[in-house]
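Work through the exercises below with the structure in view. Try each task before reading its solution.

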Amino acid sequence: MKIDDVQQLSAWLAATDIDLLELRGPGEHLCLRRDGARVEIVPGDALEDGPEQTAVATAASLGVFLHGHPLRGETLASPGTPARAGQVLGLLQIGALLLPVTAPAQGIVQAMLVAQGVTVGYGTPLVELRLL
Amino acid sequence: MKREHATISLLGTSALLFEAPGDNMELAVQQRIWMLARQAEAWPEVREAVPGMNNLMLSFETAPHALDEIQARLLAAWEAAEPLPLQGRVVELPVVYGGQAGPHMADVVAHTGLSVDEIVERHSAPLYPVFALGSHPGYCYLGGMDPRIATPRRKVPVLSIPGGAVSIGGAQTGVSASAGPSGWNTIGSTAMRFFDPGQDPPALVQPGDSIRFRVEKVIR
Amino acid sequence: MIEILSASALATVQDLGRPGALRWGVGTSGAMDPLAVAGGNLLLGNDEGAAAVEVPVFPFQVRFTADCAFAVTGADCSARLDDLPLLPWWTHEAKAGQVLQLGVPRQDGAWRASRAYLCLAGGIDVPQVLGSRSTQLRGAFGGLAGRALRQGDMLRAVAPGAGRRMTDFGLVPPALALPLEADGLPAMRVLPAAEYDRYTEASKAAFWSEPWKITAQSDRYGYRLAGTALEPVAAIEMRSHGIVPGVIQVPPGGQPIVQMCDAQPSGGYPKIGTVIEADRWRLGQAPIGSRIRFVQTSWDEAIAALEQTQRWLDEARRLVDLYRGQGARS
């Protein structure tokens, strides 16, 4: 990647609220991290050294875990999709009531831990996220 | 097809419809309907007793489980109902007949075989008792129209006729209190305020009152 | 407080209707989908019969001019608050300045519907007339000045910021909880009416077995249906009599008209049947151009259907109140 491109990307990143931009290509691994208004280039390898931070959204109650709203066909989240803190990743159905299952922190969805339509108990882990 | 007996039918689970025998619209029968309404509106199942033309709709507060019982009660009350001779005031309405005010006058002419003048004369002669309110806020259903000018309701209802429209539907006549759709034949127009939601009662003409149509103008 | 941004929206303020004024020729009006209004209200902890905005034409936009909790129920109209997509049948908190947009109802989901309802915390604050906040279009009273909403209109909520209301949860819509279909089409149960037996056997059979299309000449006054012409054995001329929403009239042309919320409270056309009260919301949501079926039912079944609907509402309210109560303690 050319230095001009990196500067261009850094400037763009600084203007967004995205904290981390990770680029992978053949033989290349580049990470741009925004720290407030500053953008720094982090050697890709350096990031892989630390342990992966994960977080799990759990069931707030006994209920049925749904991957999408019953009126709609699409799922709310799937592995690989990014999620803001508080973003709805699934629903917990308790009779007529639908509660949101939300991302506890910003991250990337790693896995839906429970299948669509399964009854879960209070505290059951539902969605795993890799934190940024 | 003449109705031999009083009948009761369902309007979904929301109301019952009671129809007096016969197929005319007689004042003496209507006075018994008014009496029946007064009785029935006191029943706990009934929200409103709404007279029509020699018939009565009972809207339910809560639909009763025992349908047979309330039907029997209604028939018994009808048998016992004496005429209630309501007496109100006479309201006189000036009417412009025909022309743009009466777009369907030609249909009444065609159906009855009478001339415009004959139709106007027969329509404006009687003193019409107000039998009931319905159709739209303040609208009065009138009894006593001359059967010679009866004209069937239109095959396809008209999307909008204006307030003040004087119309004939089958053997009945009435005046619209506001613009809206209608299946009746409009023969004239008058100006009158029939409804004010701020007043109590909000309808300014009621069953027991009478209406007289005064010929202001005839456009042939 | 909300400001209406859309023009020509045909939206009106409606609650559950104005009963008790039939004697003066005043029909009941009210929401075409009363379950959507009741559902939205209970999500907000409102009285079940609090007034809401009925939205039949889309897109529809309002701007919140004060912080306010709200709910959007009825048709799934891909609602967005600024650029945040909202879930259907959901309650949310709006901040002053945010714009709520309701898009054309989705037709690819589990339920095809045509009207959306915007409920506000405490309900829409307009004066009651003859005991109701519903708009009486024919008489030009009730709702907001007795007319449809226009661009620039401002509507207040009864209790916009009162006690930080819990939001961000929803209900499974009754269309999914209380399904009713016949041969894959939405169905409505009908009780035969007084003139039912004066129709030919072929007409009666067609009435129950054939699909009926909701034509474009359908609105809050009545739904004009297209299908087999219904023929009486002999011409029927009637005396004017009281009717209610749901009554299916048959004018001489033979194409039935189902009387809806703004229908006249009396009429003189023959009636073949009445859509039961418990199923009027299904018809009120059926889109123009869609087809429906009528299913013959009995008095007992119709009463049971009313009770089933009430149980759904009671259970939904119980769960929502439990959840909101938990939130208040934590």
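**Exercise 1. Describe the four-strand sheet of chain B: what is its strand order, and which strands lie at its edges?**

Solution. Keep in mind throughout that this is a predicted model.

Step 1. Read off the order. Four strands of chain B form an open sheet, arranged 1-2-4-3, with antiparallel pairing.

Step 2. Find the edges. Strand 1 (7-11) and strand 3 (46-51) of chain B each pair on one side only, and these are the edge strands.

Step 3. Take one pair. Strand 1 and strand 2 (residues 15-19) of chain B are joined by five bridges in the antiparallel sense. Here B:Ser9 stands opposite B:Leu17 of strand 2.

**Exercise 2. At what angle do helix 1 and helix 2 of chain B cross, and which residues make the contact?**

Solution. 

Step 1. Locate the helices. Helix 1 covers residues 27-40 and helix 2 covers residues 67-80 of chain B.

Step 2. Take the geometry. Their axes come within 9 Å and cross at roughly 135 degrees.

Step 3. Classify the angle. The crossing is right-handed.

Step 4. Name the residues. Helix 1 of chain B brings B:Leu36, B:Gln39 and B:Ala40. Helix 2 of chain B brings B:Leu74, B:Ala77 and B:Trp78.

Step 5. Sort them by class. Five are nonpolar, one is polar and none is charged.

**Exercise 3. Where are the domain bounds in chain B, and how many residues link the two domains in contact?**

Solution. 

Step 1. The domain assignment gives domain 1 (7-80) and domain 2 (90-219) of chain B.

Step 2. Take the spacing. The C-alpha centres of the two domains lie 26 Å apart.

Step 3. Count the contact. Seven residues of domain 1 of chain B meet nine residues of domain 2 of chain B.

Step 4. Find the main contributor. On the domain 1 side, helix 1 of chain B gives the largest share, three residues. By class, that side has five nonpolar, two polar and no charged residues.

**Exercise 4. Which elements of chain C give two or more residues to its contacts with chain B and with chain A?**

Solution. 

Step 1. Start with chain B. The contact takes 43 residues from chain C and 48 residues from chain B. On the chain C side, strand 17 (241-242), strand 21 (271-275) and helix 5 (299-329) each give two or more residues. Helix 5 of chain C has the largest share, four residues. This side of chain C holds 25 nonpolar, 13 polar and five charged residues.

Step 2. Turn to chain A. Here 21 residues of chain C meet 13 residues of chain A. Strand 12 (169-171), helix 2 (174-177) and helix 5 of chain C each give two or more. Helix 5 of chain C gives the most, with six residues. The chain C side divides into 15 nonpolar, two polar and four charged residues.

Step 3. Check for strand pairing. Strand 8 (residues 97-102) of chain A and strand 12 of chain C pair in the antiparallel sense over two bridges. A:Leu98 stands opposite C:Gly170 of strand 12.

Technical notes. Residues numbered from 1 in each chain as written. Chains lettered and ligands numbered in written order. Predicted model: local features only at pLDDT ≥ 70, side-chain atom pairs only at ≥ 80, totals over all residues. Nonpolar A, V, L, I, M, F, W, Y, C, P; charged D, E, K, R; others polar. Axes fitted to C-alpha atoms, helices over the stretch in contact; angles between N-to-C directions. Left-handed = near helix turned anticlockwise from the far one by under 90°. Pairing = 2+ DSSP bridges. Domains from an automatic or database assignment.
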